[in-house]
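Please read it beside the sequence and the structure.

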Amino acid sequence: MKPIIGITTFCEDKPKKTYSSVSYNYIKSVHLAGGTPITIPLIKTEEDIQNYLDIVDALLFSGGEDVNPLAYGENPVREVKHTSPERDEYETLLYKEALKRNIPILGICRGTQLINIASGGTLYQDINSQVPNTLGHCPFENPVHNLYHTVNLEADSKLFNIFEAKELKVNSFHHQAVNKIAPNFKATAFSSDGIIEAIEYQGDSFIVCVQWHPEDLTIHHPHFVKLFKALVDEAIRYNKLK
Ligand code: MN
């Protein structure tokens with residue numbers, strides 16, 4: 001049985017119409033790992049969210065806009081330019097309801113940031129202006145599958161067990177990062193400048209969140225499929241308990 005993995009999406013305004021969008025690389029990576037991907041449109045009524053949660057065996061919170069700093073009690077710095085309060089609200093509700101059901105979750109980039117905030121943490125709104133002497137984390141002109149900086153994995157972590165490595169080379173397309181870690185979460189990967197590159201839930205549910213973009217690496221660097229495979233394995237386990 002192939003588990004169903006729900007992937008969050010965003011609304012993309014084009015000249016004539018609004019599209020429900022997400023990078024196809026998420027879909028491809030979930031499929032490569034043995035899951036059946038479905039996309040979850042931005043519809044934020046409680047009843048629809050419960051219906052989607054009835055269908056899925058795991059969730060992937062995808063990348064995208066900055067989370068509105070007002071959501072964690074801050075006014076924006078100048079570098080925060082693109083936010084979607086509607087998406088923040090819908091994903092926060094989806095996440096909180098999924099947590100109640102112990103649905104396995106993978107957070108990627110914005111997904112990581114959203115989950116940290118929804119759980120009570122905060123962000124650096126802009127690494128370059130708020131944290132001195134960091135590495136580059138946002139080389140927008142790089143191809144998305146280029147490995148760019150290293151991350152060190154904490155030995156006692158799900159990520160370490162998944163990759164069986166202390167160090168990974170990853171891509172990096174984020175100008176924000178976790179600042180205060182949410183209660184019940186632990187930082188499990190760091191770049192050499194101390195920026196948090198992954199957090200994991202410390203309770204019973206599988207919630208692993210990374211700051212890089214593994215979905216853009218699974219073709220050129222196939223060991224990144226392992227992360228999606230871990231989500232699929234957890235989804236199979238969750239489905240048996242449903
Ligand atoms: Mn980075």
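The model is predicted, and every value given here was computed from it.

Distant parts of the chain are linked here: His149 lies in strand S8 (residues 149–153) and Glu197 in strand S12 (residues 196–201), and the pair is 48 residues apart.

His149 has 7% relative accessibility and therefore counts as buried, the cut-off for buried being under 20%. Glu197 is also buried, at a relative accessible area of 1%.

**Helix contacts**

Two packed helices are described by the angle between their axes and by the distance between those axes. Both values are listed below for two helix pairs.

| Helix pair | Axis separation | Crossing angle |
|---|---|---|
| H2 (residues 46–55) and H3 (residues 85–100) | within 10 Å | roughly 50° |
| H3 and H4 (residues 110–118) | within 10 Å | roughly 70° |

The axes of H2 and H3 cross at roughly 50°. That angle makes H2 oblique to H3, and the crossing of H2 and H3 is right-handed. On the H2 side, the contact uses Glu46, Ile49, Gln50 and Leu53, which meet Tyr90, Leu93, Leu94, Glu97 and Ala98 of H3. Sorted by class, the residues in the contact of H2 with H3 are 6 nonpolar, 1 polar and 2 charged.

For H3 and H4, the axes cross at roughly 70°. H3 and H4 are therefore roughly perpendicular to each other, as the range for that term is 65 to 115 degrees. The crossing of H3 and H4 is right-handed. H3 contributes Arg87, Asp88, Glu91, Thr92, Tyr95 and Lys96 to this contact, while H4 contributes Arg110, Leu114, Ile115 and Ala118. The contact of H3 with H4 holds 4 nonpolar, 1 polar and 5 charged residues.

How many of the residues of H4 are buried? The count is 9 of 9, so H4 is mostly covered. The buried residues of H4 include Arg110, Gln113 and Asn116, as well as Leu114, Ile115 and Ile117.

**Backbone with positive phi**

Just after H4, Gly120 adopts a positive phi of about 110°.

Asn102 is not a glycine, yet its phi is positive, near 60°. Asn102 sits in the loop between H3 and strand S6 (105–108). With a relative accessible area of 43%, Asn102 is partly exposed.

Asn184 likewise is not a glycine and has a positive phi, of about 75°. The loop that holds Asn184 runs between strand S10 (177–178) and strand S11 (185–190). Asn184 is exposed, at a relative accessible area of 54%, the cut-off for exposed being over 50%.

Key
Residues numbered from 1 in each chain as written. Predicted model: local features only at pLDDT ≥ 70, side-chain atom pairs only at ≥ 80, totals over all residues. Heavy atoms only, no water. Axes fitted to C-alpha atoms, helices over the stretch in contact; angles between N-to-C directions. Helix = DSSP H or I, 4+ residues; strand = E, 2+ residues; numbered from the N terminus. Parallel < 35°, antiparallel > 145°, perpendicular 65-115°, else oblique. Left-handed = near helix turned anticlockwise from the far one by under 90°. Contact = heavy atoms within 4.5 Å. Nonpolar A, V, L, I, M, F, W, Y, C, P; charged D, E, K, R; others polar. Buried < 20%, exposed > 50% of the residue type's maximum accessible area, 1.4 Å probe, protein only.
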